[in-house]
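Dear colleague,

I am passing this structure on to you, and I would be glad if you read the notes below with the model open beside them.

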Amino acid sequence: MLSSQIKLNEIEFGSCNKDLLEEVIFYGMGLGADFVEIFIENTDNASVLAEEDFITSVSPSFGKGAGIRIFKDKRDGFVSTNDLTKQGLMRSVSQAIEMLDISDKNNRELFNGLNKHKDYSLSKKKWINEVPSIHEISEKLLASTKSLKKNSKIITRKGSYSRNLQEVIIASSDGTYVSDIRLHQTVGLNVIASDAQYRSSGSRRFGSSGMPHEFRLWDHEKAANDVFESSMNMLYADYVDAGQMPVVLANKFGGVIFHEACGHLLETTQIERGTTPFENKLNEKIAHESVTAIDEGISEGSFGSLSVDDEGMEPEKSVLIKDGILKKFISDRAGELRTGHKRTGSGRRQNYSFAAASRMRNTYIAKGEHSKEDLINSISDGLYCKSMGGGSVGATGQFNFAVEEGYLIKNGKLTNPVKGATLIGEAKEVMPKISMCGNDLELAPGFCGSISGSVNVTVGQPHIKVDSITVGGR
Amino acid sequence: MNSKEITTQISEAADSLNLKKWDYGASFSNDYSVQVDKGEAKQLKASQKQILTIRVWNESNLVGITTTSDISESGIKKALYQANIASDFGNKNERTEFSPLAKDPIEVKDTKERNPVGIKKLLTLLREAEVKLLESHESIKSVPYNGLSESFYERVYANSDGAFRSYTKSQAALYLYARAEEKNKKPRSSGSVKLGYGVEDIDIESCIKEAFNKTISHLNYSPIKTDKYLICFSPESFLTIINAFSSMFNARSILDGVSLSNKNSIGKKLSTEALNIYDDGLHEKNISSSPFDGEGTPTKRLCLINKGRLENFIHSESTARIFKTIPTGHAGLGSKVSVSPDWIVVEKSEENSALKTSLDHSTYEGEFVYIEELNAIHAGVKASQGSFSLPFDGWLYKNGKKISIESATVAGDIKYLLKNIVNIESNQEVTTSGISPHIWVDELSITGDA
């Protein structure tokens with residue numbers, strides 16, 4: 001008796017919650033909402049840190065919560081709570097209705113009940129038992145930090161792992177009723193090298209989604225060699241001279257510039273704010289004809305891939321720019337409502353405490369026909385950015401990115417390593433200057449922080465040449 | 001459950017799992033926020049959150065930890081159980097204990113707790129503020145980033161040794177970032193943030209005025225020539241730099257090998273002798289002040305740089321034990337306890353005779369670059385190497401005129417910067433991250449587009 005009462009009155013993962021969800025949605029529609037969406041989440045996360053030759057931190061964490069979003073006309077009210085009882089969910093609906101000042105209409109007739117449950121999690125329930133144990137993770141992280149111990153100049157060695165397992169239920173008044181389980185694993189290596197007054201650092205991050213065994217397959221020796229070499233190459237590097245110059249950006253994480261400087265400007269949230277220069281440029285040329293750019297959520301195992309977005313829509317492959325022509329914006333439900341751009345399965349959020357927003361998934365510049373050498377050979381005096389650090393884009397579209405590992409290009413050849421370089425520009429001005437794309441497209445995982453929190457993404461590109469950009473230095 | 005009941009619940013659950021030693025930190029909050037778009041409500045948000053972090057010590061005195069948002073009886077038991085499992089992987093080389101100060105008296109101040117004004121009032125106030133800003137100048141076309149919020153929260157620390165501390169607070173925040181556009185010119189954007197104990201404490205008019213001034217004054221910009229310049233840091237930008245390199249004062253960073261300092265750096269000269277820096281989390285102007293840290297250690301004022309010399313490091317319980325000193329009230333609560341500063345206060349020391357007092361940002365007529373605000377800190381600072389390369393909003397002062405700088409970065413080395421401070425102005429200004437006067441530095445590299 002007690003058990004059935006609990007089932008009726010509180011969300012239970014792995015059970016049928018249809019009646020309860022319908023009741024909550026009917027309640028919201030009855031109070032006059034145009035649209036009600038319920039996002040419920042259950043997380044089981046763990047992170048492990050290895051420093052030098054010891055495990056110094058093991059941090060499991062659990063969470064449960066719901067985010068309830070009510071639309072009225074083009075406005076929305078969002079309430080998040082840890083209370084997953086029927087009473088708690090209804091209280092949140094009431095709060096959202098009250099915030100929106102809705103009092104005049106009953107919209108129950110707009111809700112015809114939830115569709116048949118679409119369960120994307122069926123084959124994924126076993127994942128939690130297939131991911132590596134803390135013991136297994138610790139062993140591999142310690143092996144990786146040991147691999148970084150290559151000479152006395154390496155003064156700190158770190159390996160970190162994190163696993164996020166997120167179970168979600170999404171239901172809304174358009175009938176959407178889906179469940180899914182998402183698994184993301186990431187591992188990173190960091191070193192600091194030092195010799196007298198010289199210091200350098202090196203870091204790399206790897207990640208996958210939906211592949212419980214992927215960490216076991218990670219080649220930590222190769223990763224350690226890569227990080228070590230990078231830090232050694234940069235240890236005695238001189239500071240770069242500032243100025244305007246042509247640059248070649250490496251593949252993989254080099255794509256972070258396109259992601260930050262252009263990708264964000266193609267999200268409908270930017271149209272809503274009036275902060276994108278591309279708002280009225282659909283089907284117009286915004287980039288060099290050598291540039292085709294894609295955002296998709298469907299590449300198997302990629303860090304930004306999804307079976308279903310956080311609004312219950314399956315992700316699509318969106319060609320954003322085709323041969324330099326702007327073709328599409330990245331859109332979510334609010335974006336479609338407020339800007340008219342159709343949803344692309346890109347409604348994403350960090351967790352239940354954020355309302356979904358239009359966000360990138362796996363975003364990359366498509367491969368071209370040139371070799372990396374073709375690009376470098378075409379420059380007499382410039383910069384090769386082998387590894388990019390973080391960056392930011394201002395409200396007016398100006399971007400700024402740190403170059404972690406850079407080399408001067410002289411007469412078509414790579415020469416001395418240089419540090420302290422920063423790439424500065426504006427997407428509108430730089431996109432037409434991407435004149436050559438390599439044939440070596442590769443992707444890299446990352447985390448993107450924006451309006452709906454931090455989400456897993458992939459950035460990527462082949463090697464690309466930018467004819468001229470401002471390089472900050474000393 | 002209230003915090004006392006949660007403590008009892010944890011104690012009973014720990015007993016049932018035979019766990020003798022534990023502590024926990026918890027946060028319970030209710031937040032409300034609004035955003036508007038040209039006079040219309042855009043998104044209205046409310047959230048109720050609870051986060052509980054529990055540490056347990058196993059029979060080998062190794063620590064395990066778990067964080068959960070489930071504070072039901074079963075949630076607490078699960079967290080304790082998982083923390084106990086995690087303790088098998090506890091760090092044998094750097095053990096953690098309860099803070100020896102976790103039961104010391106804490107400084108009780110008037111928390112100036114306010115009552116909620118509610119979403120409708122928040123919306124009305126933000127709408128009015130946005131409209132005023134939009135109407136203040138024809139070039140201001142939108143206020144794309146705006147928000148008004150109020151938060152009410154309780155923080156708790158307790159342990160199995162009988163320590164129990166809690167406090168409740170309220171806080172409100174307003175931000176207005178305007179975007180201005182003029183024909184044949186690039187758009188410019190800038191803004192202002194104001195904090196208060198409650199919405200009624202926020203000076204909305206000054207937020208509007210500051211956002212207006214910062215945005216409009218930058219409309220007539222020019223590129224700057226790449227070169228080395230005499231620099232004047234605004235209080236806000238200097239605090240940004242000090243916070244970005246606070247690993248110099250951080251014992252955790254020193255032990256991790258990511259600080260420019262080492263265990264023997266106390267007493268070493270770090271800057272011009274005219275500089276004093278304190279960390280003062282309890283400062284009356286610090287709206288976000290907390291009377292204790294994540295380990296229950298009382299917060300206190302601590303001198304970091306005294307007449308240019310490194311005076312103290314900030315500590316957690318474990319770093320303090322390793323350095324043979326006492327915790328300073330700067331710890332977080334985690335599997336590996338983090339250490340961070342609270343509220344930096346910068347001032348001129350008594351040893352200031354070498355300063356060039358003619359350098360005053362409001363009267364000096366020579367050429368210099370005024371750095372109003374530094375951006376992209378997470379990308380442009382290499383704290384472990386001491387270098388920075390940061391975009392900024394600012395001005396070139398030349399021949400008695402000031403010209404907004406179009407887009408530029410300032411690059412340098414923190415050790416060089418601190419040792420080449422040529423003036424510390426007398427007036428200290430309160431910002432959202434601390435207190436500082438204007439600081440002048442000789443010769444830093446600026447990269448511009450000219």
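**The contact between the chains**

The contact takes 56 residues from chain A and 59 residues from chain B, where two residues are in contact if their C-beta atoms, placed from the backbone, lie within 7 Å. On the side of chain A that touches chain B, the most is given by strand β2 (residues 54-72) of chain A, with twelve residues; helices (H or I, at least four residues) and strands (E, at least two) are DSSP runs, numbered from the N terminus. Please keep in mind that this is a predicted model, in which local features need pLDDT of at least 70 and side-chain atom pairs count only at pLDDT 80 or more, while totals for chains, interfaces and linings use all residues. Residues are numbered from 1 along each chain as its sequence is written, and chains are lettered from A and ligands numbered from 1 in the order in which they are written.

Strand β3 (residues 75-81) of chain A runs parallel to strand β2 (residues 40-57) of chain B, and five bridges join them (strands pair if DSSP finds at least two bridges between them). Within this pairing, V79(A) has A46(B) of β2(B) as its bridge partner.

**Two helices in chain A**

Helix α5 (residues 134-147) and helix α7 (residues 220-235) of chain A have axes that come within 9 Å and cross at roughly 35°, the axes being lines fitted to C-alpha atoms over the stretch in contact, with angles from 0 to 180 degrees between N-to-C directions. Their contact is made by K140(A), A143(A), S144(A) and S147(A) of α5(A), together with H220(A), E221(A), A223(A) and A224(A) of α7(A).

With best wishes
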